[in-house]
Amino acid sequence: MLLYQKVADEIRTAIRDEIYQVGDKLPGIRSYAKQRHISVSTAIAAYHVLEDQGVIESVSKSGFYVRPQSNNVIELPQVSSKVSQPKAVGSQQMTLQLVNNASQPGMVGLGAAVPDKSFLPVKLMSRYLTHVHKHHLDSVISYDKPAGLMPLRQQIAKRMVAQGCQLNPEDIVITNGCQEAVYLALRSCTQPGDIVAVESPTYYGLLQILESLSLKSLEIPTDPLNGISVEALELALEQWPIKACVIVASFGNPLGACLAEDKKQQLANLARDKNLMLIEDDVYGELCHQASRPIPLKSFDLDDNVIYCSSFSKTLSPGVRVGWVASHAKAQRLEYLKYVLNFSSANPGQLAIAQILESGQYDRYLRQVRQQYANATQRLINKLFQLFPTGTRITQPKGGFVLWLELPEKIDTVVLANNLLDHNISIAPGSMFTNGQKFSNCIRLSAACKWNDEVELALVKMAEMIARMSAEKTSISLQSAR
């Protein structure tokens, strides 16, 4: 544990034990640093952690004070409804339109699951990209094998073996991000018209992939804390010829759920017994809010029924577009599909990331940024609880940086999203995360934004708009009743 985190924990304990009580002023930063024999920067970092977590608050020109701690419990969103019928995926054009709108200049982006550069090791990536352009020019300007550069595949394989996965460098194919990895994985094990089980709600990018491949989706109930219902999936397998199941077993998008290890084992056993191919999207696995990451679903796979997909887009750089797909049994098929699709991924990013992994700086960065994401997520939860109407349900993930909100039923979040765009605020409405008529009163928000006055004002505007929409709906209902 880093020193500033330890200091923050000590202050939090003192508040819990009522050494510091609600309303008490904490010692000044320089005074506290001198008292504890720590640097001023360490004291500042500790205070900021507690401020982000809503434990203390800063009063301009006065100092830091202990905040009142609400006795109210934030309720989690409800478990998604029972298994529906398999259904061809459609109407994904609206998703692309909303994504493009959200990318306009001047937009306060609260909907896109893309970390702000303040969460990313920009200087580290820049230094290594400059190095490879200067010292490996021949490799930079050349093609390599469709499967990708061997030094990167070796580094990834080392990390995966350390996590308990039975993989070799030859089992890994480098891709342009995790989206392409999932696309290749699905192409390797399905045909048009096949049924693919997905979590409910599920990442809208997956629905777009299913639509492009003419695959049918079958939504499986998913708990916002414990993840996909393995029992419901098992019942679905008895009713329909499901070819594959795509799952984010560690901090899913948008719920942030994490399957317990016994459930991961149960899921791996089910795949073996039912000859089901599991496609694990583990793009958020490294961003746990604790010191160590959860064990991947792939580590429980002894029969090669799990195709593993991930990327460095959420950790090192979204723009470099380096991901990978891994499977022993399907490695040759995946490499062929990669070759057909775009021959190979660009070399500069692969070279730079391989060297970052080898240097050990990636793990040092992860240790630091995990706490940063934990603080940012808790800060957003606290602010939403403070601003949004009573009855709003909010996920409380232990990893990643996205939150799923369930608003009062009368709120149509597509209307809300379009109205907010007029104020240069973007969110992701819940209907984007389903192939059915569900989640119309839900939204996904990202905590990985640069926190500033613009973000706080955007949240206030959103809360005001929700309150107004709710009042209008109530008024219409009362008039109808008359």
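**Note on the predicted model**

1. With 482 residues, a compact globule would have a radius of gyration near 23 Å, and the protein chain agrees with this because its own value is 23 Å. The model is a predicted one. Along the principal axes, the C-alpha atoms of the protein chain fill a box of roughly 70 × 65 × 45 Å.

2. The secondary structure of the protein chain consists of 16 helices and 17 strands. Of the contacts with a separation of 6 or more, 75% are between residues 24 or more positions apart. Contact here means heavy atoms within 4.5 Å.

3. How much of the protein chain is buried? Buried residues account for 53% of the 482 residues. The protein chain exposes about 21,800 Å², and 50% of that area is supplied by carbon and sulfur atoms.

4. Charges come next. The protein chain has 48 positive and 45 negative charges.

5. How many disulfides does the structure hold? The number is zero. Cysteine 288 is in no disulfide, and the nearest cysteine sulfur, which belongs to cysteine 258, is 9.0 Å away. A pair of cysteine sulfur atoms has to be within 2.5 Å to count as a disulfide. A disulfide is a covalent bond between the sulfur atoms of two cysteines. Cysteine 288 counts as buried because its relative accessibility is 0%. Cysteine 442 also counts as buried, with 3% relative accessibility.

6. Serine 200 is part of strand 6, which covers residues 195-200. Is serine 200 buried or exposed? Its relative accessibility is 0%, so serine 200 counts as buried. Not counting residues up to four places away in sequence, serine 200 touches Ser80, Glu219, Ile220, Thr222, Lys438 and Phe439.

7. One runs from serine 200 to proline 201, with omega near 5°. Proline 201 is in the loop between strand 6 and helix 9 (204-212). Another cis peptide bond joins asparagine 253 and proline 254, where omega is about 20°. Proline 254 lies in the loop between strand 9 (242-247) and helix 11 (261-274).

8. Aspartate 304 is not a glycine, yet it has a positive phi of about 60°. Where is aspartate 304 found? It is in the loop between strand 10 (277-281) and strand 11 (306-311). Its relative accessible area is 18%, so aspartate 304 is buried. The cut-off for buried is under 20% relative accessible area.

9. Phenylalanine 439 has a positive phi of about 60° and is not a glycine. It sits in the loop between strand 16 (428-429) and strand 17 (442-446). Phenylalanine 439 is buried, because its relative accessible area is 13%. Phe439 is also among the residues that serine 200 touches.

10. Glutamine 437 is found in the loop between strand 16 and strand 17. Why is glutamine 437 called exposed? Its relative accessible area is 80%, and exposed means over 50%. The C-alpha atoms of glutamine 437 and alanine 352 are separated by 44 Å, and these residues are 85 residues apart along the chain.

11. Glutamine 355 has its place in helix 13, residues 347-359. With 18% relative accessibility, glutamine 355 counts as buried. Leaving aside neighbours within four places in sequence, which residues is glutamine 355 in contact with? They are Tyr128, His131, Val132 and His136. Tyrosine 284 is 71 residues from glutamine 355 along the chain, and the C-alpha atoms of these two are separated by 22 Å.

12. Arginine 379 lies in helix 14, which covers residues 361-387. Its relative accessibility is 16%, and therefore arginine 379 counts as buried. Apart from neighbours within four places in sequence, arginine 379 is in contact with Asp52, Cys449 and Trp451.

Definitions and conventions: Residues numbered from 1 in each chain as written. Predicted model: local features only at pLDDT ≥ 70, side-chain atom pairs only at ≥ 80, totals over all residues. Heavy atoms only, no water. Helix = DSSP H or I, 4+ residues; strand = E, 2+ residues; numbered from the N terminus. Rg over C-alpha atoms; globule rule 2.2 N^0.38 Å. Buried < 20%, exposed > 50% of the residue type's maximum accessible area, 1.4 Å probe, protein only. Areas by Shrake-Rupley, 256 points an atom, 1.4 Å probe, with all protein chains shown as cover. Lys, Arg positive; Asp, Glu negative; His and termini not counted. Charge placed at Lys NZ, Arg CZ, Asp CG, Glu CD.
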